[in-house]
Amino acid sequence: MPRPPMDAPQDHADDTDVDVEAVVDDASVTDPDDVVARVLTSAASRSSGYTLFGSGAAALQTGDASGGSSDDGEQYDREDRQALRRVAGLSTELEDVTEVEYRQLRLENVVIIGVYPQGALHDAENSLRELAALAETAGAVVLDGLLQRKPHPDPSTYLGRGKAQELKSIVQALGADTVIADTELAPSQRRALEDAVGVKVIDRTAVILDIFSQHAKSREGKAQVELAQLEYLLPRLRGWGESMSRQAGGQVGGAGAGMGSRGPGETKIELDRRRIHTRMAKLRKSITAMKPAREAKRANRRRNTVPSVAIAGYTNAGKSSLLNRITKAGVLVENSLFATLDATVRRNVTSDGREYTLADTVGFVRNLPHQLVEAFRSTLEEVADSDVIVHVVDAAHTDPAGQIATVRDVIGEVGARHIPELVVFNKADLVDDGQLLVLRGLVPDAVFVSARTGLGIDELMERIETLIPSPSNEVHVIVPFDRGDLVTLLHERGKVLSTDYDERGTIVHALVGAELAAALAPFAEVVPAPAVAG
């Protein structure tokens, strides 16, 4: 069947085509034998007859949609990350050895593929656009996309034999060096598709793992990503025959059989599997050893009755931008998927003086690899142990309902469905009134904000104040004037209802937690019982 039209990012595709043709025409007139002209002519001929994955909505929003306000801080990490970006270059295929000095570095040019059943074309196109954005974030250039309508993926080559041959033609014509499938391929499917297409084939999970490995900064984050990568790699190891045997085996013909009877011993692939299992065990122990430090911090907050608010949501929805806007945290903000992986916790204060913490967590994505959910379970504990979940949704996204469903599925996986949830539609400045009505119908009690402009932030803070748990122990105390520290604790950890003064000290009527109530017991004031009428 013909390929459906696709929209995906390739901002420079049209300009590149025009420039290449102009250079080829000019070079052919002046010097037909020029080496550079031959290379450009070859590149142009491979692309003839195929439409680049270009016009239409970009996979990543352009402009300053994801942040960029003064609240984001200096953002030095963003400059470091931009220092190693992949660039478009000439083809590395050489027609003769004299062209080697004109060859430029070409890094991954990819074609993305997907399979969808009857009636699911819209969802398949959204998923393929998201895969294009993931590939861009990983540093690749997306050249084209290919969708096949098929009830179930082919168990051998994923696409089916005929479509695999069409994919091979597209890859050769566009000069692509990688094919990315919009699902998690079985090891046998990947090998068979590589044999059919002739270039490297990877799947959606591999791309996400690659992004995580690039963006992990903390020691715990790096360990979690490496563990997920090894779990993904283990069933996908490829052997190269018995010639890779590394040591002698046992006695094939029984004891004392002598020379010539020893079979091959442990092969290279078996050694690799054993080393991976050993490394995974060490990583699990390392991640487990980091858990007590996090537990101690959470226990300290619980002991001091400090409520916690977790910011969760789809990747690139603006969670870090929102945290920066509220707390001036200076967390990295970038218009890319999974820009920040490590949890960031910051302190904030309500309008009546109560302290609480805001935690920015790792973003979610549809078909999030189960290896990452398991490896990042310790990070996702910030969501499971919170008192309120601020669920951030990209209001300008084409499928906000799908984002909400995906995030709620992951929240359920970590056992946090019982926690109060506040849905926040970020980037409200990028949508029109009609879309706002649609979103209000989707989640009637949601809050609409813009982390970039500050729209709706005050309403968000008020809603958070009403949702975080209030202290429930009522106390009437007379605090001596030399114990001002207790008055400060009452304001920070409790809710002060009234304050008065006399010669004995500060008279406070407040709601506090159980631990603070016990500490204030020696200063309790006897409140007379109300008179009974009659």
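## A loop residue: T183

T183 sits in the loop that links strand 3 (178-181) to helix 6 (187-197). This is a predicted model. Is T183 buried, exposed or partly exposed? Its relative accessible area is 30%, so T183 counts as partly exposed. The cut-offs explain this: buried means under 20%, and exposed means over 50%.

Setting aside neighbours within four places in sequence, T183 is in contact with Y158, D203, R204 and T205. T183 and V115 are 68 residues apart along the chain. Their C-alpha atoms are separated by 8.8 Å.

## Helix 4 meets helix 7

R204 also takes part in a helix pair. Helix 4 covers residues 121-138, and helix 7 covers residues 204-215. The two pack at an angle of about 35°, and their axes are 9 Å apart. Their crossing is left-handed.

Which residues of helix 4 meet helix 7? They are S127, E130, L131, L134, A135, T137 and A138. On the helix 7 side are R204, V207, I208, D210, I211, Q214 and H215. By class, this contact has 7 nonpolar, 4 polar and 3 charged residues.

## A buried glutamate: E130

E130 belongs to helix 4. Its relative accessibility is 8%, so E130 counts as buried. The cut-off for buried is under 20%.

What does E130 touch, leaving aside neighbours within four places in sequence? The list is R204, Y314, L337, V365 and R366.

How many residues does the largest nonpolar core have? It has 47. Those with the most contacts inside this core are I112, L134, F212, F338, F364 and L372. Helix 4 gives the largest share of the core, 8 residues.

Take F212 as an example. Beyond neighbours within four places in sequence, F212 is in contact with V225, F338, L341, V362, L372 and F376. A second, separate core has 23 residues, including A329, Y356, V390 and V447.

## Helix 10 meets helix 15

Helix 10 spans residues 319-327, and helix 15 spans residues 457-467. Their axes lie 11 Å apart, and the packing angle is about 85°. The two helices are therefore roughly perpendicular to each other. Angles from 65 to 115 degrees fall in that class.

From helix 10, the residues in contact are L322, R325 and I326. They meet I457, L460 and M461 in helix 15. This contact has 5 nonpolar residues, no polar ones and 1 charged residue.

Technical notes
Residues are numbered from 1 along each chain as its sequence is written. This is a predicted model: local features need pLDDT of at least 70, side-chain atom pairs count only at pLDDT 80 or more; totals for chains, interfaces and linings use all residues. Side-chain values use heavy atoms; hydrogens and water are left out. Axes are lines fitted to C-alpha atoms, for helices over the stretch in contact, and angles run from 0 to 180 degrees between N-to-C directions. Helices (H or I, at least four residues) and strands (E, at least two) are DSSP runs, numbered from the N terminus. Angles under 35 degrees count as roughly parallel, over 145 as roughly antiparallel, 65 to 115 as roughly perpendicular and the rest as oblique. Contact means heavy atoms within 4.5 Å. Ala, Val, Leu, Ile, Met, Phe, Trp, Tyr, Cys and Pro count as nonpolar, Asp, Glu, Lys and Arg as charged, and the others, Gly among them, as polar. A crossing is left-handed if the near helix is turned anticlockwise from the far one by less than a right angle, and right-handed if clockwise. A nonpolar core is a set of buried Ala, Val, Leu, Ile, Met, Phe, Trp, Tyr and Cys residues joined through side-chain atoms within 4.5 Å. Buried means under 20% relative accessible area, exposed over 50%, partly exposed in between (1.4 Å probe, protein chains only).
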